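Open the model in your viewer and keep the selection tool at hand. The tour goes stop by stop.

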Amino acid sequence: MAAHLAGVVSSLTIKPVIGVPIGDGPLGGLDALLSTVQMPGGIPVATVSLGKEGAINAGYLAAQIIALNDKDLANRLRMDRQANAEAVLAKDAVLQQQLNG
């Protein structure tokens, strides 16, 4: 729960670091968000959304970085994205039917 953890890690490596601000604590994650996005030049931290969604997006972002040199992973990401889009369209169809029917 250390709000500054991603920044410290980034200062110690040249590998990509993805920060996931956690939305707990007395400030509701604002401290974690600010400490993750306000890094000095030369110490980058890729920042994703707060909490559970941020953790999911961090995984996807890491996979997308790796997929730059892994065609199989890139294809799996494309298929996952397509499946997600199809699921959203299916949910919308059900909602439209409920609203109109």
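Is leucine 30 buried, partly exposed or exposed? Select leucine 30 to find out. Its relative accessibility is 46%, so leucine 30 counts as partly exposed. Buried would need a value under 20%, and exposed one over 50%. Keep in mind that this is a predicted model.

**Stop 1**

**Stop 2: serine 11 and valine 45**

Move to helix H1, residues 5-11, and pick serine 11 there. Serine 11 has 43% relative accessibility, so it counts as partly exposed. Next, pick valine 45, in the loop between H2 and strand E2 (46-47). Valine 45 counts as buried because its relative accessibility is 14%.

Now draw another line, from valine 45 to glutamine 64. These two are 19 residues apart along the chain, and their C-alpha atoms are separated by 16 Å.

**Stop 3**

Which residues line the second largest pocket? Select Asn57, Tyr60, Leu61, Gln64, Leu77, Arg78, Asp80, Arg81 and Asn84. About 190 Å³ of space lies in this pocket. Colour helix H3 (51-67) and helix H4 (71-100): each supplies at least two residues of the lining. H4 gives the largest share, 5 residues. Then colour the lining by residue type. The lining divides into 3 nonpolar, 3 polar and 3 charged residues.

**Stop 3: a salt bridge**

How many salt bridges does a search of the whole structure find? It finds 1. Show the side chains of aspartate 72 and arginine 76, which meet in this salt bridge at 3.8 Å, N to O. Both sit in helix H4, 4 residues apart, so about one helical turn separates aspartate 72 from arginine 76. Finish on arginine 76: at 49% relative accessibility, it counts as partly exposed. The cut-off for exposed is over 50%.

Methods
Residues are numbered from 1 along each chain as its sequence is written. This is a predicted model: local features need pLDDT of at least 70, side-chain atom pairs count only at pLDDT 80 or more; totals for chains, interfaces and linings use all residues. Side-chain values use heavy atoms; hydrogens and water are left out. Buried means under 20% relative accessible area, exposed over 50%, partly exposed in between (1.4 Å probe, protein chains only). On a 1 Å grid over the protein atoms alone, a cavity is a set of points where a 1.4 Å probe fits but cannot get out, and a pocket is an open set with protein on both sides within 12 Å along at least five of seven lines; lining residues have an atom within 4 Å of a point. Grid points are joined across faces, edges and corners, and a volume is the space filled by probe spheres set on the points. Ala, Val, Leu, Ile, Met, Phe, Trp, Tyr, Cys and Pro count as nonpolar, Asp, Glu, Lys and Arg as charged, and the others, Gly among them, as polar. A salt bridge is a side-chain nitrogen of Lys or Arg within 4 Å of a carboxyl oxygen of Asp or Glu.
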